[in-house]
Amino acid sequence: MVTPGISPQEPRRVTGADGMIDPVTGEQRVIAPGHTFRSVTEKLSRIVLTPHTPVGWFLGLGLAGSVAILLLVAVTWLFLKGTGIWGITIPVAWGFAIINFVWWIGIGHAGTLISAILLLFKQKWRNSINRFAEAMTLFAVVCAAMYPVIHTGRPWLAIYWLFPYPNTMNYWPQFRSPLMWDVFAVSTYATISVVFWYIGMIPDLGTMRDRAKSKFARFVYGNMALGWRGSTRHWMRYETASLLLAGLATPLVLSVHTVISFDFAVAIMPGWHTTIFPPYFVAGAIYSGFAMVLTLAIPIRKFYHLEDLITLRHLDNCGKVMLATGFIVAYGYSTDIAYAWYSADKWEFFMAWNRIFGPMGWSYWILIVSNILIPLTTLWSRKLRQNVVFLFILSLIVNTGMWFERFVIVVVSLTRDYLPGSWGTYKATRWDYMTFIGTLGLFTFLFFLFIRLLPMIPMSEIRQILPGAKINEAELQQRGGH
Amino acid sequence: MEEIHHSRTLPADLSAPAAVLQWRTRAAGVTAVFAILAVLDLLLSHSFDAILHGWLMGLILCLSLTLGGLALLMVQWVSGGKWGLLIRRPLEAMSRTLPIVFLMFLPIAIFIKRIYIWARITHPEQALHNGLIDAMQAHAIAYKRPYLNIEGFWIRGIIYFLIFGIFTYFLNKWSLQRDTDTAHNNWYWQKKFENLSGPGLVVYSLVLTGMCVDWVMSLDPTWFSSMFGFMFIVAQGYAGLAFVILVVLALSQYSPMDAVLRKTEQHDLGKLCFAFVMLNIYMAFSQYLIIWSGNLPNEIRWYMDRITGGWGPIAGLDFLFHWVLPFFLLLSRDIKRNKTKLARVCVIMLFARCWDTWWLIAPAFPSERANLHFTWGMLEYIFVPGAMIGLWLIYFFTTLRSRNVVAQNDPHLVELMESQHAHA
């Protein structure tokens, strides 16, 4: 039932031939019309339960897997030789490892925002994209969490440095160090994300168990479904658990990247020590995360013909979120420069000058062009926000820009600090590049496995937003409901 | 099970109830009392500066209600949703109080030298030599002269008001037109408002940052914090939202608001308040942690002025009013769904804004810096803002009364008329 009572003489926007425009609001529909409970379940479960895996999937998985091998090689060599194989030097003691860590963990934030905050804000459109966005979060966290561990050089000893555990040596980590807080922030984030993702999947796993033909699949999905029967009591508990987990995950959207921004901001290094960092890091994380959602969603909806479930409305909304968070990022860049002058501090001012015009100024301009100039001018246009090819290209541009943002913050600030005598430069080695590209491969590899083995769009949640799920009040009253 | 209203209908008369006029009379009484007290206190304190300091605090508070209203108005246009329709007319009325805030700004602009040290000291070198200021202040005042100068302050002030005025004018004008418009559909209006409000929010955040640097941050010319503008923006939302909820709850005792305000949307507004409570403490704590850990002389002094010499308990109470109380109260679903209780939380939140503004402003002045003590002048921080807020309220109730309190011709209105379900 659509919202009733709109006056019939209300002139309507011309609806598209495919009926994708909602006549009441004039917006793109969240789900294409014509879907029923059955058609949604059929369509989504078939992707997983089909015995005919598409050849393209094997090719993709193989390619991603081979790229991921680069990571294995690079990390093995690292463990054998130590961090000397990387481009890090003094003064640039933090290089690719920390850039990649921040970049990856930032990407994860969009998944949590979609699954938690948009749930609390009752944004029903999120239902189509929350599952794979949350999977994206998990895989991004896997890639991210690896860096701080391997950047210690001897990760088998890292447990002494990172985890506070009672030991006979009475040896504790430095609790006042934000690196220590990172351990808690990231591990909490990973835990809550896994639980939230899994709990959300239980009704769908029940569906998969019931629809699976092979005994093995029934056994696996059956175990994973934890005895889900779809009774009212089950649903009630499921809904309560989802809300509670959303409530727990919401502060994590802010806190994780905030703690990461503290890694920099609590130091007194010009370019790091600035109070705008926490909100600006969070906004940047969501910005890059939504870009990654688009990078993944656009090929997937094309390949699996999911255009009627991940519609232009979703892409449009992702574009809008990117526009909003992009502007917060732009606000951060502007205040960085404005306060570099207003602080009346010559080191702050030099830092800003060095960023823009110094020997590594090119990286600053890459980030300005790809984070600000291109996206924040084009995303205003509704036409471009609904142009699939454009959005895909833009999402890659923004992800590049966000990587360079971290490059500028981590590397460029370190190259030239207070004492000109200790200035240096930075050049990444092949091992740096291999590690980074390797995590891209690992991420894609895990994602390919996910879309093949689990329902990437939540069937149960899509069913809830179909017109058939809306309570018909007239009917309810007739039956003497409530 | 919630109470469910069947067959809800929209009353024919959507104008503001007559009770608004009574509220206005009460506000006039409050204004008069505080104004008299302020004058009597002036006789005791013999300090015109104290009046000005209180005036600055009153200006910042009235500004946060006006601009908080404008910002939330633009936010609800770009985000959409039923909650926006519910509070739209009160928000518009809040934004239309801009002229009176401009008038309140004039005394600050005129007596600028008595408030801002950078305006008072024309020759920092000499002042340093005479021991009026220290070296850090002398450097900052001289260095920041291209920005912190009297003419610039005036010109920027007028530009800020002009920019906000343009957005206020169009958003209010179009909203009234939409009420009776049958020639255009919802899509037309929605896009029209969105296209102004989206860029409007970008402009708003930049202008407000400038405003808070000029009016508040520059009270201590040595201090800077790049997050301060952002915190100020959140504070506007915090105050604006608490106030507009209070207005809607008060209006809902009468027709027509009683027909439109459902438990569901009231609950949503309560949750939004909660989000602002969290956002506010998040920013305040982050700024504090970063500056504390850096412990740099040009940054930490600002906090030292505000946590030592008796100001510590004030900061602690600020934390209590601003976060602890609203946080724990708003966690409760029952409180968010109960009109009286939610109204009380909103009052606490508004009180917290007053407390916080006092804590931000007062320690910037030499007599109170890191030294909280009773003087008759100190009482002006209660009397002058009290009278100003009273005056603002008189103006607000007049603007609120001038239009229907429920906007029409919006598809969300139909949704608000639907009966509500327990878990809607």
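Biologist: Hi! Is A:Cys318 buried or exposed?

Modeller: Hello! This is a predicted model, and in it A:Cys318 counts as buried, because its relative accessibility is 2%.

Biologist: Thanks. How many disulfides does the structure hold over all chains?

Modeller: The search gives 0 disulfides over all chains. B:Cys346, for instance, is in no disulfide, and the nearest cysteine sulfur, that of B:Cys273, is 4.7 Å away.

Biologist: Let's switch to the interface. How many residues of chain A are in contact with chain B?

Modeller: On the chain A side there are 49, and they are in contact with 58 residues of chain B. About 4,500 Å² is buried between the two chains, and carbon and sulfur atoms give 65% of that area.

Biologist: Which residues in chain A lose the most area to chain B?

Modeller: Those are A:Thr275, A:Tyr331 and A:Tyr342, which together make up 17% of what the chain A side buries.

Biologist: What about charges there: how many salt bridges are between chain A and chain B?

Modeller: The count is 2. In one salt bridge, B:Glu194 pairs with A:Arg382, with 3.5 Å between the closest N and O atoms. That pair joins two chains because B:Glu194 sits in helix α10 (residues 186-215) of chain B and A:Arg382 in helix α14 (residues 382-385) of chain A. B:Glu194 counts as buried, at 11% relative accessibility. B:Asp268 and A:Lys122 also meet in a salt bridge, at 3.0 Å from N to O.

Biologist: Why can side chains like that pair up at all?

Modeller: Side chains of opposite charge can pair when their charged atoms come close.

Biologist: How many salt bridges are there over all chains?

Modeller: The whole structure has 23. Within chain B, the side chains of B:Asp134 and B:Arg301 meet at 2.7 Å, N to O. This pair links distant parts of the chain, 167 residues apart: B:Asp134 is in the loop between α7 (124-129) and α8 (135-143), and B:Arg301 is in helix α14 (residues 297-307).

Biologist: How exposed are B:Asp134 and B:Arg301?

Modeller: B:Asp134 counts as partly exposed at 30% relative accessibility. B:Arg301 is partly exposed too, with a relative accessible area of 23%.

Biologist: And what does B:Glu265 form a salt bridge with?

Modeller: Its partner is B:Arg262, with the closest N and O atoms 2.9 Å apart. B:Glu265 and B:Arg262 are both buried. Elsewhere, salt bridges that share partners join B:Arg89, B:Glu92, B:Asp179 and B:Arg403 into one network.

Biologist: Nice. Now the greasy side: which residues make the nonpolar surface patch?

Modeller: B:Val33, B:Ile36, B:Leu37, B:Leu40 and B:Leu43 make a nonpolar patch of about 450 Å². B:Val33 is in helix α1 (residues 19-45) of chain B, and B:Val33 is partly exposed, with a relative accessible area of 48%.

Biologist: Back in chain A, what does A:Asp336 touch?

Modeller: Leaving out residues up to four places away in sequence, A:Asp336 touches A:Thr274, A:Ile276, A:Phe277, A:Tyr280 and A:Arg355. A:Asp336 lies in helix α10 (residues 312-342) of chain A and is buried, with a relative accessible area of 9%.

Definitions and conventions:
Residues are numbered from 1 along each chain as its sequence is written. Chains are lettered from A and ligands numbered from 1 in the order in which they are written. This is a predicted model: local features need pLDDT of at least 70, side-chain atom pairs count only at pLDDT 80 or more; totals for chains, interfaces and linings use all residues. Side-chain values use heavy atoms; hydrogens and water are left out. A salt bridge is a side-chain nitrogen of Lys or Arg within 4 Å of a carboxyl oxygen of Asp or Glu. Helices (H or I, at least four residues) and strands (E, at least two) are DSSP runs, numbered from the N terminus. Buried means under 20% relative accessible area, exposed over 50%, partly exposed in between (1.4 Å probe, protein chains only). Patches are made of residues with over 30% relative accessible area and no salt bridge: like charges are joined within 9 Å, nonpolar side chains (Val, Leu, Ile, Met, Phe, Trp, Tyr) within 5 Å. Accessible areas come from the Shrake-Rupley method with a 1.4 Å probe; for residues, only the protein chains shown count as cover. A disulfide is a pair of cysteine sulfur atoms within 2.5 Å. Contact means heavy atoms within 4.5 Å. Buried area is the accessible area (1.4 Å probe) that two parts lose on being put together, summed over both.
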